[in-house]
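Hi,

Here is the structure I promised to pass on. Have a look at it first, and then read on for what turned up when I went through it.

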Amino acid sequence: KVHVTNDTLDEQLSEDVAVQQWDGHVLRFSRPASVDQDQFTGVVVGRHIAGTVTNRTADARSWTGQRAEVLSHGLVPRPLLTAQDWQARTRRRLGWLAMAGNPAPLSATATVTGRFLPVPTTTLSDHRDDSAASWPQNYQLTELALDLTLPSTGVGAPLARHIHAVMAVPTTPPPASGFPVAVVANGHWGGAWRTFDPQNTIYWYGDSFARRGYVVLAVDISHRPLADRQALYTDLLTGDDPANGNDSHPAIKDDGLDSEWEEDGERTWDMMRGLDYVLGRDDVDRGRVTVVGLSMGGEIAEWEGAMDPRVGVVVAAGAPPDLAVMRYHGNHPCYRWQRAEIREYLDPSDLDALIASRTLVRETGLVDTVYSDLAAHFASAKQVVRRAAPAFVTLGGQLIHYLHFDAHAFHVGEPLPEAATALGVTTPVESDVVSVAPWSMDWETNQTTRAIRDSLFDAIPLRVP
């Protein structure tokens with residue numbers, strides 16, 4: 001895939017190549033889909049590759065590249081035991097790369113800071129397609145402060161971590177097996193409280209799951225103070241929603257030292273600790289855990305599902321599909337690593353492959369320009385799902401690409417207030433040309449969809465082994 005030309009965004013569709021030789025040292029491949037039939041030859045030295053490219057119309061030119069996605073699952077199914085081993089090893093490696101080893105907390109204290117009735121429903125957002133009016137707000141809200149300690153990354157005293165969260169608990173009796181659980185994450189300029197606001201046009205999914213009888217824990221996801229990340233970005237000085245408790249989140253680090261954690265690693269650890277808390281209740285079903293988020297929240301939902309096998313279902317709406325495009329597209333850089341180059345290790349499709357054997361619903365819109373300027377805005381989303389699919393072929397589970405009519409939004413698929421019929425969970429119908437002409441790229445631009453479920457809630461299994 002061409003991402004940039006001369007350091008300028010020049011995103012093109014992903015194309016298959018024909019590999020003639022790869023022995024770990026010499027690589028030869030061609031581009032059957034290109035008009036000029038480019039033929040590449042390169043020699044690997046360390047993490048770099050260099051060589052020449054020829055075609056029908058031009059003299060040989062030089063090309064160079066460097067190693068990327070070394071932890072990737074790859075593009076073909078693996079044997080079962082190999083795939084399981086890849087998941088286990090990759091979780092450990094990401095734990096060290098992004099989470100200082102992903103330590104268990106040394107101590108955890110939860111404090112209830114307030115109890116509240118649901119946020120009153122005055123006018124439901126026009127974006128809601130979850131039949132909310134048919135599901136009363138039979139739940140109570142509790143505001144929580146989670147205070148934890150974790151090991152020092154050096155020889156100092158244990159480190160402190162404070163997490164702000166809001167929990168919804170149904171006021172109806174629990175089922176015999178307990179209430180299902182949803183842990184939700186906000187995106188940029190959001191927070192835990194906003195996910196329970198029925199009028200919110202973006203982050204209303206906390207309220208949606210709570211209406212359906214879930215115990216819902218919304219964990220504040222935010223950004224570090226300027227001093228902890230100014231090399232990457234300089235905005236969001238007071239956090240994402242400081243008026244509602246989601247202010248900046250100091251980095252996990254020893255005094256006087258830089259952090260051994262990456263920012264997404266901290267956010268993921270916070271989600272894990274929220275799940276620890278809610279699974280400690282005696283009225284929940286530990287076999288029915290769903291993680292939900294939109295945008296940055298969708299990104300962290302993928303991270304949490306990838307790193308935490310307790311999660312049975314991941315609903316990642318508007319999550320990044322291609323980090324190489326994001327680097328040049330003007331997207332907010334808070335996904336980047338300060339201690340390493342994330343692109344050298346993985347892409348979002350590899351997080352998705354770590355979720356295999358369970359259920360992943362990746363929601364994207366037909367006209368979402370947040371992560372791509374391709375004429376077919378959804379093409380990059382179809383690409384990431386295709387790259388994740390081989391792990392699901394081997395390990396099982398459900399991989400659903402929910403390609404809806406909208407843009408950068410969360411949807412359920414039930415009737416919109418002004419619509420007479422439901423849209424359902426719609427997934428792409430691939431072009432027949434893929435099987436006829438294997439080098440075709442038409443599958444990326446075909447926007448035809450079909451409904452496979454009546455609702456997102458129908459795609460969530462009743463029980464996850």
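**What I found**

Let's start with S30, which sits in strand β4, the run covering residues 26-30. Bear in mind throughout that this is a predicted model. Is S30 buried or exposed? S30 comes out as buried, because its relative accessible area is 13% and the cut-off for buried is under 20%. Its side chain makes a polar contact with the side chain of Q20, at 3.2 Å. If you set aside the neighbours within four places in sequence, the residues in contact with S30 are V17, A18, Q20, D38 and Q39.

One of those contacts, V17, is worth a stop of its own. V17 is in the loop that runs between β2 (8-9) and β3 (18-22). With a relative accessible area of 36%, V17 is partly exposed. Together with V19 and W22, V17 makes a nonpolar surface patch of about 300 Å².

Next, two residues with backbone angles to check. Most residues other than glycine have a negative phi. N102, though not a glycine, has a positive phi of about 50°. You'll find N102 in the loop between α1 (80-99) and β8 (107-116), and at 25% relative accessibility it counts as partly exposed.

The other one is W189, where phi is near 60°, again a positive value in a residue that is not glycine. W189 is in a loop too, between β11 (179-185) and α2 (205-211). Is the W189 residue buried or exposed? W189 counts as exposed, because its relative accessibility is 53% and the cut-off for exposed is over 50%.

Last stop: E260. This residue is in the loop between β12 (215-219) and α3 (263-279), and it is partly exposed, with a relative accessible area of 43%. Which residues does E260 touch, not counting those up to four places away in sequence? They are A100, T153 and I252. How far apart are E260 and G213 in space? The C-alpha to C-alpha distance is 39 Å, and the two are 47 residues apart in sequence.

Cheers

Methods
Residues numbered from 1 in each chain as written. Predicted model: local features only at pLDDT ≥ 70, side-chain atom pairs only at ≥ 80, totals over all residues. Heavy atoms only, no water. Helix = DSSP H or I, 4+ residues; strand = E, 2+ residues; numbered from the N terminus. Buried < 20%, exposed > 50% of the residue type's maximum accessible area, 1.4 Å probe, protein only. Polar contact = N/O pair within 3.5 Å; in protein donor to acceptor, adjacent residues only side chain to side chain. Contact = heavy atoms within 4.5 Å. Patch = residues over 30% accessible without salt bridge, like charges linked within 9 Å, V, L, I, M, F, W, Y side chains within 5 Å. Areas by Shrake-Rupley, 256 points an atom, 1.4 Å probe, with all protein chains shown as cover. Salt bridge = Lys/Arg side-chain N within 4 Å of Asp/Glu carboxyl O.
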